[in-house]
Each structure stands twice: as C-alpha cells, then as structure tokens.
Amino acid sequence: MIRHTFLSLILFLPLVGCGNDRIDREAVVNRHRIITEKNNPRSPAQVGNGEFAFGVDITGLQTFATHATMAHWGWHSFPLPKGLDIKDFNGKLWDTYGRQVRYDDWDEDHPELSAWLAGNPHSLNLGRIGLVLKKSDGTLATLEDLANTRQETDLWTGTITSTFELEGTPVRITTLSHGEKDAIGVQITSGLVESRQIAVAFYFPYPDGSQQVNSTFDQPDAHTTKWVTAEGKFAHLERTLDDTGYGVSVSWTTEAGFHEVGKHNFQLVPSSGNTLEFVFAFSDDPSVETRLNFSECRQSSETSWKEYWMSGAAVDLSASTDPRWKELERRLVLSQYVMKVNEAGSWPPQESGLVNNGWYGRFHFEMIWWHGAHFALWDRWPLFDRSLHVYPDFLPTSRVRAEKQGYKGARWPKCTADLDRDWPHPIHATLIWQQPHPIFFAELDYRLHPTQVTLDKWRDVVFETAAFMADFAHYDAATDRYVLGPPVYVVSENTDPRTTINPTFELSYWQFGLRTAQVWKERMNMPRDEKWDDVLNKLSPLPVEDGVYVTYEGVEDMWTRYNWEHPALIGAFGMLPGDGVDVPTMGRTLERVHREWKLHETWGWDFPMLAMSAARLGQPEQAVNYLLEYPAFLFDEHGLVGGGRAPFPYFPGNGGLLYAVAMMAAGWDGGPDTDTPGFPDDGSWVVKWEGLKPAL
C-alpha cells in the first residue's frame, strides 16, 4: 500500500494497510482477554467508561485490596487552616535578564500556605465496595480461605468475571460499568448467597492528605453520609466532605435489605435465593438519584464497548513471524482498554488515570500530550476532545499569569486540578515544554476536521499561546539571536534552571509552535505576525557538541552527569517533526543516547519517544526493540505500565505506545511512501491496520 495523504484518509475511511481484508476486530481483542489466578494488591482489574473507573481485586470487588473508585469530577479540598489567606501567597522572585519576575514557586515566607496550595484540590476516592464473606462457623473469611481463584476480564464487553470457592462452595461474581453513567453493576451467584454467608459492604472514607489518593476510615466525624431515600429496592445517600458533595444510589433487583451498620458503613444483605444483583451509582450532584438495574448496566457496557472497538483504528499483527508479535499486540489492545477506562473523561488525567499513584491526583499539563494525542492517530478524537476544554477554560487565568510575569499572551500552568491554580514548586514555575502543546492539539484537530468551526474553536488559544512563546524568547543583542531561558527547567527536570539556556527539545518545539501558529494566521486570512517571524528567523540553533545534540547549550559533563531521566533531545525528531533538526546529527545523537544513556533510569513514555525517533531515522528494527525489550518499560497482566523511575501505574507509557505504533504503521509528514515505514520490511512484521492517521 502506498502511504496516502491525510485528505485521502479522511475521504476513504477506514483504510487497511498490508492487504485489503477487513480486520476481525473481535478476534484481535478476544485473544488478549486478561486471565489471572492470584490476587494482586498492586494492580487492579478495572471497569469504567472514561469518566469513572472501579478497580477490583481477585473477588471482583474491593474485598481484600484497597483499590480505588474514582471519577474525573471527584475533587476535594481540606479547609484552609485558620489564619491563612490565599491572597497572602507571594511565590518567589527569580532573576530574568535583570528583571525580578515573580513565579508561583514555594513561598518561604508562607510555608504552611504553600503546603496547602500544593495539596488542594486533590482527587477523591469515592468509596469502597467489598464482600462480607463468612465461613460456616460464622467467622469472617480471609483471602487465604479462598480456593481456585480465577478472574477473567472480557475486553470486548468490559466485563470482569471472578470465580472462587469458599469451603468447597463456588462463587461467581460479574462486575461491569455502565457505558455512560458513573455506575457499576454486580451480579453474585452462589449457594453462599442462599445460606446468608455473603453480603456486600459499602464504606465511605475521608482523604488522608497524602500525595496518594489514599483514604482513612479513622476520621468519621470529618464527613457525613446522609441516608435520604429508602423505598422498595432503592436507597440514596448524600455525601458531604467539607465543601465537596456527591450522591450515591444503590438499586437491587433480587431479594435483599440495605442496612446502616456503622458510621459511613452500609451493607446489602440477601434475604432469599442464590443470586444478589445490584447497581452502585455515583453523581457529582448529591441530590441526583440514579435508578438502574444490572441488566441495563450490562447492556450499556456491552453496547458502548462494542462501539468503541468497532470505531476508530485497529491493528492486527498475527501474520507476523517475529515471535514478539503477540506481546506487542497484547500491549496495544490492553492499552486501548485501560486508556478508554481511565483517560477519556471531562478533565485531563493524572499520571495514573483513575487508579491512584500520587501528585494528589492532579494532572500535569506537559503530560496531556502523552495521555491523549494518540486518540487523534487512532481516529478517536472525541475521547480526547472531552478534556480539551481546559485550554479555553484556563485561558483567562493563563493570560493573567503571563501578564504578572511581564509577558504577552497566555502562560499555561504545569500541575493543577479543576481550577487554574498551580502547585507551588520551582519545577512547576519554570517548566516550559507544555506551552506549545495546545498548538499541536489544534493542528491534530484541524487535520481531522479542516473546517472554519475548528479554526474558530482554537483561534484564541493558538494565538495567545504563540504570543507568550514569542515574548518569552529573550533577544540577545550581542549575538543577534533569541534565546530560551534562564530560568527554565528542561523536560528531564534534572538541570539547574538558573543556568540552563537553549534546551534542544524546547527550541525545536518553539519553532514548531510559532511556525504552525503562522499557518493558522494564513488559514484565517490574517497577516503573519512580524514578531513571531522575527523570533523564528533568529531563534538560537539547536545546540551541538562533538557532532551530537546536547540537552542544552553549554551543558558540562552531560554524558556522565545528565544521562538519565528523559532523553528528550531525541524527541525533537520523533515526538516532534524536526523543526531545526539536522537529520545526520540527530542520527549520531540517537546512537550515543542508545549507547550511553541510563535507560533503566527513565520513564515509560521515553521508550515510545525513542521508537519514534528511530523510525524517523530509518531504524525500524530498533524502533520495535524500544517498545519491547527494556525492563523500564513493562506491561503487567492488566496492561498497566511500570519499570524505571516512574511510579506504578504510569499511563503516559500506554499513550506513548499507541501513538508510536500508529506512526510506525501509518507514517508521518514527510516520511517514506512505503508500507508501515516504522516496521522492518524483511517479512518478520506483517502489520495489518485500518483507520490510523499519519503523525505530524
């Protein structure tokens, strides 16, 4: 197949690569059903719909592991300590070419206030749902009492089936999520239901204040759970935690009773039959009552997941002879599943999506690319677009941030929540590689939807972003050039921001952003911006030492002191299309990175970034190796990424894998007109695909 232009991809969807037969998508998905036989307290199986997710242990609920129930709307703040006022926060002054610029850095004069701003708002664990299992003697069963445990996650329908035995009696539990509402449906079938040895417990915790989205049951007086409705087989509860409120509805169709057994502690207890069916639903509006039954949830789950798998793109690697094909395909399928569950909601996801791993559950603006850009290349843009309102929503406050620092345009935050208030920290204050992201996203959107509506949608965000970028670049009259920084933290966050100048990745991204913003001016029949062109024409070249690119201009001992964390310099010709890049120099740079970088001290998305660079440089074998051969880039049985320096799980690794493989299969702007240009052409990899879009 000759690689098609992007316009032809739009006109003749879905396109199929390496053959004309349509992919049997159900077969591809079903050969990677997740089957586990042991409890994993670290890694949950999950059901969810993008906005809401429920993590389970080997029982199909949260009986023996503290997995989370989370929604993208679930934010909470502790009360501001007495005597503190947010208006008193001053940040810190940093010298910026003779100007004293106030950044949202840690305010040493107000450390308690800085600490509160760091931790609030934070994500919230909405509740824990587990089994109350009793042995025949009436004592509570433990995990060790369960025999023949087995759990299967049916990815095609979003259904988890868990089976085990207690004292020889089998138990079967089906767990799934409604496709649109924030609710789980559960069906329990067992003789233990009939003998009343099974009940379901509902616990409601309070945040414990740690960076993990952890909960405590030791502060019962700090929050309230009000039972406001009880009629027939339905109950509704209203939760209040300081200024946060949300609603919880419980519906059941089998014979059972709902009881309050303690503060914030409820149980659903069967009264007859061997089956217990219920739905547990959440709402960000405490007063909203959600009445659903298990059959409705199951139908919604099956319908929404089939629609997901049958929409967008698909990849089938089964005709390959490389023995690693099945592992790469498994990673692709499971990544699509966990990204749909965790990362398709109303706000950008944090690093662990709706699982839980730190940073108070806040999202990072620089990582929005790695979480969501793949949705464009897999033709599932609406799943990304749901959260991109963050840019127009935060535009006014980002303008204020830039103005306070003496710049034009809009400066985007680094680490925040459902309001634009950055976490006080020197890295958050001076990181810049998130700034061009919205221009990249706007371009992806326009490639998919080349209309005036798209231009109008992104216009202000694109132009205000470019205005800041152009004004942030400092003109050095002595050398007649523009420079970036200091102060600036680079992607790797491991250099001194006060002396770092002209980082390679950021320089290339600045060129891409300003160049693309000028294209948008022309698309809208507007004159090019003279200042942007001046910066583009005089921006410092990407720094080179000894024939290779380096992290930033003038860096000392880079290959021994700074050869760990993100090797972002190669991302200028991989993740990015290569503005300002000399290809032979980048080729030598990748070779040196491959040889001398401490790849065990990197993060999950670094390997897709390396793979994309290798693909653009005509090294497809190495591109595949980067996706499969490194312990710092591991995918567990549930498709969750771990290894290296990253906490577990780390979803930017999943998003990066999906973007890289789409690019390697469908190609990229200016790439070779060959089949699957990022994969070896020796016959070992037969990559059948449909619906993928080329990368920029």
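# Briefing on a predicted model: strands, rings and backbone details

Strand S12 (residues 159-166) and strand S13 (residues 169-177) are paired with each other in the antiparallel sense, and the pairing extends over 8 bridges. The structure is a predicted model, in which the mean pLDDT of the protein is 95 and 97% of the residues score at least 70.

**Sheet and packing helix**

- In general, the strands of a sheet pair through backbone hydrogen bonds, and the sense may be either parallel or antiparallel.

**Aromatic pairs and a cluster**

- A search of the whole structure finds 55 aromatic pairs, one of which is the stacked pair of phenylalanine 202 and phenylalanine 280, with 4.4 Å from centre to centre and 20° between the planes.
- This pair links distant parts of the chain, since phenylalanine 202 is in strand S15 (residues 198-203) and phenylalanine 280 is in strand S23 (residues 275-283), 78 residues apart.
- Phenylalanine 202 counts as buried because its relative accessible area is 0%, and phenylalanine 280 also counts as buried, its relative accessibility being 1%.
- Tyrosine 308 and tryptophan 309 form an edge-to-face pair, for which the distance is 5.2 Å centre to centre and the angle between the planes is 65°; tyrosine 308 and tryptophan 309 are both buried.
- One aromatic cluster is made up of Trp75, Trp347, Phe363, Phe365, Trp381, Phe384, Tyr391, Phe394, Trp412, Phe441 and Trp458.

**Charges over rings**

- Lysine 340 lies over the face of tryptophan 305, at 5.1 Å from the ring centre.
- Arginine 616 has its charged end over the ring of phenylalanine 573, at 5.8 Å from the centre of that ring.

**Backbone geometry**

- The peptide bond that runs from proline 486 to proline 487 is cis, with omega near 0°, and proline 487 is placed in the loop between strand S28 (481-483) and helix H14 (504-523).
- Phenylalanine 648 and proline 649 are likewise joined by a cis peptide bond, for which omega is about -10°; the loop that holds proline 649 lies between strand S32 (641-642) and helix H20 (652-666).
- Aspartate 242 is a residue other than glycine with a positive phi, near 55°, and its position is in the loop between strand S19 (234-241) and strand S20 (244-252).
- With a relative accessible area of 27%, aspartate 242 is partly exposed.
- Tyrosine 360, although not a glycine, has a positive phi of about 60°, and this residue lies in the loop between helix H6 (325-342) and strand S25 (363-364).
- Tyrosine 360 counts as buried because its relative accessibility is 15%, a value to be read against the limit for buried, which is under 20%.

**Lysine 531**

- Lysine 531 has its place in helix H15 (residues 530-538) and is partly exposed, with a relative accessible area of 32%.
- When neighbours within four places in sequence are left aside, the residues in contact with lysine 531 are Ala470, Asp471 and Tyr482.
- Between the C-alpha atoms of lysine 531 and threonine 157, which are 374 residues apart along the chain, the separation is 53 Å.

**Confidence**

- Over residues 1-15 the pLDDT stays under 50, and for this stretch the model has 39 contacts beyond four places in sequence.
- Where pLDDT is low, predicted coordinates should not be read in detail.

Note on methods
Residues are numbered from 1 along each chain as its sequence is written. This is a predicted model: local features need pLDDT of at least 70, side-chain atom pairs count only at pLDDT 80 or more; totals for chains, interfaces and linings use all residues. Side-chain values use heavy atoms; hydrogens and water are left out. Rings of Phe, Tyr and Trp (its six-membered ring) pair if their centres lie within 6.5 Å; planes under 30 degrees apart count as stacked, over 60 as edge-to-face and the rest as tilted. Helices (H or I, at least four residues) and strands (E, at least two) are DSSP runs, numbered from the N terminus. Buried means under 20% relative accessible area, exposed over 50%, partly exposed in between (1.4 Å probe, protein chains only). A charge sits over a ring if NZ of Lys or CZ of Arg is within 6 Å of the ring centre and within 35 degrees of the ring normal. Two strands pair if DSSP finds at least two bridges between them. Contact means heavy atoms within 4.5 Å. pLDDT is the predictor's confidence in each residue, from 0 to 100.
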